[in-house]
Amino acid sequence: MAKKKKENAMERIEPLRGLVIKNTGSAYRVRTSDGEEIDCRIKGSFRIKGIRTTNPVAVGDIVEISLRDADTRYITAILPRRNYIIRRASNLSKESHILASNLDQAILVVSIVAPATPTTFIDRFLATAEAYNVPARLVINKSDLWDAEEREYASALEYLYTSLGYPTLLVSAHDGRGMATLKEWTHDRVTLMAGNSGVGKSTLINALAPDACLRTGAISDQHQTGMHTTTFSEMVDLPYGGQLIDIPGVKGFGVIDFEPEEVSHFFPEIFRIGRECRYADCKHTGEPGCSVIPAVEQSLISQSRYTSYLSILEESMETPASDKYRKPF
């Protein structure tokens, strides 16, 4: 009888809540409100209301942990996310990969040399941030390596994206350029820091949070591309307040759940000028009375941005979106 009462008491224990601060792919580290860090797993059948993702639990999630098994703690539920950044998984085109959740902002780190980040990659990231309600900023790194022509190009990118409403900063962790402003940007905020492999993201994080001790890597001489140094997602505490979420370098950025008629909504300048089109459902690809194409021809819309728009539009038409994403869980 006493044993039965003990079992009933265990069943009444409330789940423990905490913040996911590390995701290795097979295990998760969760920090509770009292600062305790607990290593957890999920069961193979764990899914979020049927949504197919390669990582059902992401860094930044607030989760509930089962306390019934003292040997292995399991994540049993995810509390509703206020936002997140998601991309199409590179290995499974029909699935998605959540980069991080519950963000105050996302900072995309890019470089124009060693390696060069394509503007299409930048625009895809920014469009996704728009779609999933995450304020975005841009950091153009490695300014200490630029020659005169590269400095001019970097300044042009800075002007373009700043004019579109995306704060843009030219930085170098090696000579300190822009680092004070980057600290201001990240102070007391939860920030996703993303970028291609090799753009110097880990070096920047080490400069902001010396105790992080993230590994940094060299650039492939043959392909001028970065080699992965971060192999898992992790939240790093900043000594001046705030957290950075470091994720593995992203080689490509496939968008997911973009309906063709809404792609322009995630390009602020195309959406603004597109309201003057003759037809409300204009896709800006040559329809009569389109106001966007003349704006591109007159350089009122950047050709690179329009090219990025067309690439996402084409992708969205080839892979129709479901209604699963961008809704509260």
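Visitor: How many helices and strands does the secondary structure of the chain come to?

Guide: Eight helices and 13 strands. Keep in mind as we go that this is a predicted model.

Visitor: What share of the residues in the chain is buried?

Guide: Of the 329 residues, 49% are buried. For the surface, the chain exposes about 16400 Å², and carbon and sulfur atoms supply 49% of that area.

Visitor: Let's turn to the strands. Which strands pair with β5, and in what sense?

Guide: A general idea to start with: in a regular strand, side chains alternate between the two faces of the sheet. In this structure, β5 (residues 73–78) runs parallel to β3 (residues 37–41), with two bridges joining them. With β4 (residues 62–66), β5 pairs in the antiparallel sense over four bridges.

Visitor: Which residue in β5 is the bridge partner of arginine 41?

Guide: That is tyrosine 74.

Visitor: Now a charged residue. Where is lysine 22, and is it buried or exposed?

Guide: Lysine 22 sits in strand β1 (residues 16–23), and it is buried. When you meet a buried charge, look for a partner of opposite charge. Lysine 22 has no salt bridge: the nearest side chain of opposite charge, glutamate 234, is 4.6 Å away, and the cut-off for a salt bridge is 4 Å.

Visitor: Which residues is lysine 22 in contact with, leaving aside its neighbours within four places in sequence?

Guide: They are Ala27, Tyr28, Arg29, Val59, Phe232, Ser233 and Glu234.

Visitor: Finally, helix α2. How should I read its length and surroundings?

Guide: Compare its span with the expected one, then look at burial. Helix α2 (residues 119–131) has 13 residues and reaches 18 Å from its first C-alpha to its last, close to the 18 Å expected. Because 11 of its 13 residues are buried, α2 is largely enclosed by the rest of the structure. Among the buried ones are Phe121, Ile122, Asp123, Arg124 and Phe125.

Visitor: What do the buried residues of α2 pack against?

Guide: Their packing partners include the strands β6 (84–88), β8 (105–111) and β9 (136–141), and the helices α3 (148–163) and α8 (303–318). After α2 comes asparagine 133, with a positive phi near 60 degrees.

Definitions and conventions: Residues are numbered from 1 along each chain as its sequence is written. This is a predicted model: local features need pLDDT of at least 70, side-chain atom pairs count only at pLDDT 80 or more; totals for chains, interfaces and linings use all residues. Side-chain values use heavy atoms; hydrogens and water are left out. Buried means under 20% relative accessible area, exposed over 50%, partly exposed in between (1.4 Å probe, protein chains only). Lys and Arg count as positive and Asp and Glu as negative; His and the chain ends are not counted. Contact means heavy atoms within 4.5 Å. Two strands pair if DSSP finds at least two bridges between them. The expected span of a helix is 1.5 Å times one less than its number of residues. Accessible areas come from the Shrake-Rupley method with a 1.4 Å probe; for residues, only the protein chains shown count as cover.
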